[in-house]
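Here is a short report on one protein chain. Look at the sequence and the model first, then read on.

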Amino acid sequence: MSSKKFRATRLFDGYQMRADMVLVVAGDGTVEEMIPAADAGDDVVSLEGILSPGFINCHCHLELSHMKGLIPPQTGLIDFVRQVMQNRHLPTGEILAAIAKGEDELLKNGTVAVGDICNNTITLSQKKKRRLPYHNFIEASGFVPGAADTRFRQAVEVYNAFETEGPSHGHSSSIVPHAPYSVANELWKMIVDFPGNDLLTIHNQETAAENELFLRKEGEFLGLYQGMSIDITGFQPTGTTSLQSYLGKFHPRQAAILVHNVFTSADDIRYSHTPGITSLLSWCLCPKANLYISGRLPDLDMLVEEGCELVIGTDSLASNDTLSILAEMQTIHRHFPLIPIPSLFRWATINGAKALQMDGVLGSFEKGKKPGVILSKEDLSACTRLI
């Protein structure tokens with residue numbers, strides 16, 4: 001297969017913008033080299049826009065694709081969670097069709113890998129088609145200590161089903177905690193001690209009520225538990241924020257992607273640097289979902305200032321109108337215009353690939369990788385998948 005040469009208004013290599021460079025890729029998409037435009041010779045395809053590696057979606061719920069438009073915006077997280085539980089059950093055929101359509105949308109919008117939350121095996125048949133590599137985050141939840149064994153066994157069953165695909169099919173899996181407010185200490189221990197569980201994720205500080213629960217055993221979650229007949233009389237508040245209550249439960253060798261971070265403070269981030277706590281943290285932004293659910297965004301300037309390793313996700317179509325990383329980047333740019341465009345592309349490419357432990361193949365234009373080739377408009381309004 002003959003090589004292809006691409007030149008664009010700007011070329012982002014995964015780390016930085018490169019001027020007057022041409023990307024050379026083999027017919028199968030393998031990067032061969034980047035060379036100065038003056039040395040590229042003939043047959044260079046010149047394009048307008050930003051050339052970049054494919055995008056990495058570090059947080060998605062493909063299994064909720066059938067819920068697009070079912071939940072009104074800005075209900076707040078507690079009511080959103082209630083409505084997800086009430087409305088997620090539709091005929092299997094409708095759910096499968098929505099999943100296939102959701103994956104089509106991921107591909108169309110330049111996604112080359114996904115960290116996907118799984119509470120069941122409904123997405124497995126679509127993933128067997130091997131159109132995208134996934135890391136399947138098998139979610140375990142249960143705030144009642146006595147139910148921990150049952151909940152964990154259920155998660156292991158889902159994990160085993162996904163592992164039948166395994167790395168040879170481009171997929172990997174781990175069992176993860178849903179959120180600090182939904183995982184009992186007994187279940188936490190089972191999750192972090194599960195063999196090979198080296199890449200985890202968790203919904204982190206998406207609402208102020210999460211911190212209120214751990215600080216003082218107050219706030220809206222008490223009503224949620226009551227409505228679900230969950231007895232939390234044995235739960236004792238820690239007197240600290242939720243992040244400072246759970247982060248030390250991860251083993252130091254375990255990498256973790258913390259998702260949402262809307263109510264994360266600088267003190268929380270500094271706490272994450274405590275000796276003995278894992279330093280392998282990525283902080284995932286899902287701005288469109290945050291605006292949809294609560295109308296509030298994380299303090300992104302603070303996250304940047306504190307040196308957080310940032311990545312990007314879309315959350316689900318229950319909380320978003322599209323599964324587009326570029327749309328998330330555009331949203332960030334609109335609300336935080338001083339953040340440089342190259343930073344957005346770095347979060348969406350090499351940072352995401354590292355967070356999902358796929359940077360050996362994806363995330364940057366380095367020789368031998370097959371990261372995909374995407375052309376985005378300068379205003380981040382649309383993109384085209386070239387390879």
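## Met 21 and its surroundings

Setting aside neighbours within four places in sequence, Met 21 is in contact (heavy atoms within 4.5 Å) with Phe 6, Arg 7, Leu 11, Met 34, Ile 35, Pro 36 and Ala 37. Met 21 lies in strand β3, residues 21-25. Strands are DSSP runs of E with at least two residues, and helices are runs of H or I with at least four, numbered from the N terminus. Met 21 is buried, at 11% relative accessible area. Buried means under 20%, exposed over 50%, and partly exposed in between, with a 1.4 Å probe and protein chains only.

## About the model

This model is predicted: local features need pLDDT of at least 70, side-chain atom pairs need 80 or more, and totals for chains, interfaces and linings use all residues. Residues are numbered from 1 along each chain as its sequence is written, and side-chain values use heavy atoms, without hydrogens or water.

## Strand β10

Strand β10 spans residues 199-204. Six of its six residues are buried, so β10 is largely enclosed by the rest of the structure. Leu 199, Thr 201 and His 203 point one way, while Leu 200, Ile 202 and Asn 204 point the other way. In a regular strand, side chains alternate between the two faces of the sheet.

β10 pairs with strand β11 (residues 255-260) in the parallel sense, over six bridges. Pairing requires at least two DSSP bridges between the strands. Leu 200 has Ala 256 of β11 as its bridge partner.

## The whole chain

The chain has 14 helices and 15 strands. Buried residues make up 56% of its 387 residues.
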